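Student: I would like to learn how to read the place where two chains meet. Could you take me through one?

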There are 2 protein chains.
Amino acid sequence: MGKGFMKRLNIGVLGFGTIGTGVVKILAEQRDLIAQRSGVELVVTAIGDLDLTRDRGVDTSDIRLTNDARSIINDPEIDVVVELIGGYEPARTFVLEALQAGKHVVTANKALIAKHGMELFPVADSHGVTLAFEASVAGTIPIVKVLREGLAANPIRALYGIINGTCNYILSRMRDEGLPFEEVLADAQKLGYAEADPAFDIEGIDAAHKLAILGAIAFGTPIHFDQVSVEGITKITGQDVAYAEELGYRVKLLGIAKQAGDAVELRVHPTLLPASNPLAQVEGVFNAVLVDAQYADRTMYYGRGAGELPTASAVVADLIDIACGRQVAPLGVQPGVLRERPIRSQGEIECGYYLRLSVADRPGVLATLTRLLADQGVSIEAVRQYGRAEACEAVPLILTVHRTREAAFIKALDEIRAQPFVGADLTWMRIEEN
Amino acid sequence: MGKGFMKRLNIGVLGFGTIGTGVVKILAEQRDLIAQRSGVELVVTAIGDLDLTRDRGVDTSDIRLTNDARSIINDPEIDVVVELIGGYEPARTFVLEALQAGKHVVTANKALIAKHGMELFPVADSHGVTLAFEASVAGTIPIVKVLREGLAANPIRALYGIINGTCNYILSRMRDEGLPFEEVLADAQKLGYAEADPAFDIEGIDAAHKLAILGAIAFGTPIHFDQVSVEGITKITGQDVAYAEELGYRVKLLGIAKQAGDAVELRVHPTLLPASNPLAQVEGVFNAVLVDAQYADRTMYYGRGAGELPTASAVVADLIDIACGRQVAPLGVQPGVLRERPIRSQGEIECGYYLRLSVADRPGVLATLTRLLADQGVSIEAVRQYGRAEACEAVPLILTVHRTREAAFIKALDEIRAQPFVGADLTWMRIEEN
């Protein structure tokens, strides 16, 4: 292959952290393979970072290192800017300026796309360049490509994603080893699976960023991160994980995007899944997205949601698509046909529910609970009482109820909480049977 | 959106069977969605089939129906020919002529691509048109797109596929219900999951067609269907499925493509997988492909491998890619850089092995077996003897051995078969621990 005549794509990388190092490494190691696949030579010519001295273990002798990001954004030789700084700013400003300078941009930054995508996409469009973000959702799983291209013939009925590896790791170990949340979290931090400040992950924000992006692509709507309902995993106890297991369920933090007539649901919360659901088998730091599409039916995509090389692999795939001139509208439909759709409030959704409460172990308790639920049209699926305490002591009671409107369930809960025989440590979670 | 000014792609369909009907149905039902996604109107203008009278339940009032395939191939108004006839001929001739007439071709025909792809791809290339075949492998799972684009940055280490739904359905029911092979096969035929002549599926030929295609894309080699080692599932007994289960394995018909230094392995055979392997969970008619890639690590793709609408969904995705001008080399690398690689014989591969034999229940038997295996450097992982028979009666003995070269295992087997205390009904299968 006559390299002298081969087309070349010059790449500037902003952010020389874990993923940036991975991108430089893959492009160096696979120069020939990538040229064979794309017909283009992909070359990193400049890297911008505040720290230019730390050894990342990759050869940068042919690469211009700078701590002036704008010298990359404005470099006329550079065709594509790869943004791997993360967070909202200065990433947003740099990406905006790069697009305005007529450069393609590839990013792994879900926060940026979830919050500022709707500002950035039209800028890319009007400058005739691509803003690619496959690596921003579910790491190495090509879920953006699957939704925009592989399933392009399908209206999407729903998607369910395990899209935060930290939470899945914590929940998997709580189940496998019967450990409490705090202990596994501390361990995950030691192992580098959770940040020093883990709030973004364990409060569900990171999953909500990704769900907002996937939901918009699935339903052809603008991205509305602020309209995603979010609950994290911090209140889940080892007890609940074990009770769920006994009932045939696994607890997972799911991102759920569902079509409900013309409206859509966008929600992130701990969810009980039947153990036979393909997503229930996804353990540890792995991610997976199950898509329910009108013609393709249920398909699932599984892989590493984070990590230096898996994420860099997705960044490089975007670079190869750009090198090959393969273009797709950012949210999968032609500019201008995105359509607002009503987003359902949590009260309007319908799920099954798991309820754990501690009750005084005396006659009539179950009759009262059953009546309070029935008054709201909520029907019980299963009841389990654990142990039998001495008189007047509280025992744990587990209830699952059939699919019902959440507002009805919450109303019944309020009544139940007000009963004198019900302890304060009441917990509930949603069940998805699909 | 001003439809009067929208670009239009005229489609001719050859073969108005199940998949053809699905394609016509999807394009009619999703005309608007597809136009929003592609910016192009996709219109079926002609359908060729020998049977033009049967009612397929779709509106064909605006479509020219013909039993002259060449009137479609030579229709100057038609941009894309969709080949859904199946089999080698006349599909090969029609596709060749359509490409030569400067038309893109989309096909779901794995036999055609596996056997004649290497003849057809250069014709497409020299006429500047696309020959797309996503629907030919694993139905609705976009595995061709994933390998060629999503994982384009990765050398592929191995891929493992459950790519024949008929076999997976049979094996799943044998396990779940303890039924014998013949009974489940007969049932599958009644339910339409297996053909009247099931040989193509149960002998592994269909899986081998698909594996040949996937292996070529994974490793950048030409397609060599005739070099795939193939074993079907006809010799598997309910007993073996049950014993495997007790040992913590599930029996699956796998297509395996593995890199081994510069050589590659291409093989289809019944395989024992640890129950914890994500592929082991894939049940019934579902397909799945697990890819082990250098940077992305293990990813898995799961969905329906057949059926009217799932397969048609993949055909329409290819049509949308063509409408959008998204081009990829058929086997993922630029024309001219495909490279022959040696294909390992079965004797050279390395696996673990499961062995069932019936032996006379008397002292010294196990010592002899152990020595015969050890003589070939084969080490035993587990032994189970079932039951204890009356003197001189045979009892089943199950052995599993650690990873070893197949030639060594086969040599030990030959010695074992020659022992007077070993019954004739000896069975063995390969184990993949990954």
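This is a predicted model: local features need pLDDT of at least 70, side-chain atom pairs count only at pLDDT 80 or more; totals for chains, interfaces and linings use all residues.

Student: At what angle do helix 6 of chain A and helix 6 of chain B pack?

Tutor: The angle is about 125°, and the helix axes lie 11 Å apart. Angles from 65 to 115 degrees count as roughly perpendicular and those over 145 as roughly antiparallel, so helix 6 of chain A is oblique to helix 6 of chain B. The crossing of helix 6 of chain A with helix 6 of chain B is right-handed.

Student: And how many residues does the whole contact take from each chain?

Tutor: It takes 45 residues from chain A and 45 residues from chain B. On the side of chain A that touches chain B, the elements giving two or more residues are helix 2 (31-38), helix 6 (143-150), strand 12 (297-304) and helix 12 (308-323). That side has 24 nonpolar, 13 polar and 8 charged residues.

Student: What about strands: how many bridges join strand 12 of chain A to strand 12 of chain B?

Tutor: There are 3 bridges, and the two strands run antiparallel. To find the pairing on screen, look for Tyr302(A), which stands opposite Met300(B) in strand 12 of chain B.

Technical notes
Residues are numbered from 1 along each chain as its sequence is written. Chains are lettered from A and ligands numbered from 1 in the order in which they are written. Two residues are in contact if their C-beta atoms, placed from the backbone, lie within 7 Å. Helices (H or I, at least four residues) and strands (E, at least two) are DSSP runs, numbered from the N terminus. Ala, Val, Leu, Ile, Met, Phe, Trp, Tyr, Cys and Pro count as nonpolar, Asp, Glu, Lys and Arg as charged, and the others, Gly among them, as polar. Two strands pair if DSSP finds at least two bridges between them. Axes are lines fitted to C-alpha atoms, for helices over the stretch in contact, and angles run from 0 to 180 degrees between N-to-C directions. Angles under 35 degrees count as roughly parallel, over 145 as roughly antiparallel, 65 to 115 as roughly perpendicular and the rest as oblique. A crossing is left-handed if the near helix is turned anticlockwise from the far one by less than a right angle, and right-handed if clockwise.
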